[in-house]
There are 2 protein chains.
Amino acid sequence: MFQALADPSRRAMVERLCRGPASVSELAEPLEMSLPAVLQHLQLLETSGLIKTEKVGRVRSCSIESKALRRAEDWIIARRSAWEQRFDRLGAYLAENEKKK
Amino acid sequence: MFQALADPSRRAMVERLCRGPASVSELAEPLEMSLPAVLQHLQLLETSGLIKTEKVGRVRSCSIESKALRRAEDWIIARRSAWEQRFDRLGAYLAENEKKK
DNA sequence: GTTATACTTAAGTAAATGCTTAACCAATCG
DNA sequence: CGATTGGTTAAGCATTTACTTAAGTATAAC
């Protein structure tokens, strides 16, 4: 999932899709690459759970799956809070030592 | 930066460092790979800004740089809120149409 | 029913990744 | 001093990644 967000083109697609659903060629338009390349990114994004796509007639409509984005956020928040807790304990320890002085 | 978080071994290192600083070999210990491999991951993490390292005597001490983690979080939050805003506007639009009916 | 559109598949390739081993330095320790 | 510990450099290698072009297929428009 972080793997999926690692590529700038894929992040651009996710940014675009956060402003609403889009077709494959709409997503491809701002990107300087061939359609098959876009397709490959799209497939990766879909198997990573970040987006979902549905084919209606001959156009495939893509939209983000916000749950996945949330999971990435949760991982980072968990790390940050672990770090901050440690920082707090360190602060408490230092304060304790200050008292003893 | 998401690139740096894309690899499981690197994420494991970040998780470990969120519980406090560690030496290179301490970081390597739970990982089933050679020391040079760990070094390479470490260098990538450092150039991505996620960690910082300092050599004291012959041991290199590594610690996380929480600002970088925060930047990743910010990106995700920005996307999520863009998505949620869109969702709200859609809701308002649907409510509006309901009134007109 | 032909033609254009919107993808899709397949196959190939160049560069980046994630390792490895072997050899090498520089601080300790005895 | 000599050996050990903790890390570092260099080189090589197998995979994976991020594309490409060429050749489909299926729906929609005319």
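1. Two strands pair if DSSP finds at least two bridges between them. Helices (H or I, at least four residues) and strands (E, at least two) are DSSP runs, numbered from the N terminus. The model is predicted: local features need pLDDT of at least 70, side-chain atom pairs count only at pLDDT 80 or more, and totals for chains, interfaces and linings use all residues. Residues are numbered from 1 along each chain as its sequence is written, and chains are lettered from A and ligands numbered from 1 in the order in which they are written.

2. In chain B, S2(B) and S3(B) form a hairpin with two residues between them. Gly57(B), in the turn, has a positive phi of about 65°. The two strands, residues 51–56 and residues 59–64, run antiparallel and are joined by six bridges. Lys52(B) has Ser63(B) as its bridge partner in S3(B).

3. Chain A has an open sheet of three strands in the order S1-S3-S2, with antiparallel pairing. Strands S1 (22–23) and S2 (51–56) of chain A are at the edges, each with a single partner strand, so one side of each lacks a neighbour in the sheet. S2(A) and S3(A) (residues 59–64) are antiparallel and joined by six bridges; Lys52(A) stands opposite Ser63(A).

4. Helix H4 (residues 35–47) of chain A packs on this sheet and touches S2 and S3 of chain A (contact: C-beta atoms, placed from the backbone, within 7 Å). Its direction makes about 120° with that of S2(A). Helix H2 (residues 8–18) of chain A lies across S1, S2 and S3 of chain A, at about 85° to S3(A). Axes are lines fitted to C-alpha atoms, for helices over the stretch in contact, and angles run from 0 to 180 degrees between N-to-C directions.

5. Chain A can be laid on chain B with an RMSD of 0.0 Å by a turn of 180° and a shift of 0.0 Å along the axis. That is the relation of a two-fold axis. The superposition is by least squares on C-alpha atoms of residues with pLDDT of at least 70 in both copies. Of the interface residues of chain A, 100% are also interface residues in chain B, so the copies meet through the same surface.

6. DNA strand C is surrounded by 21 residues (C-beta atom, placed from the backbone, within 6 Å), the closest being Val24(A), Ser25(A), Val59(A), Ser34(B) and Gly57(B). Helix H3 (24–28), H4 and S3 of chain A, together with H4 of chain B, each supply at least two residues of that surface.

Key
Two residues are in contact if their C-beta atoms, placed from the backbone, lie within 7 Å.
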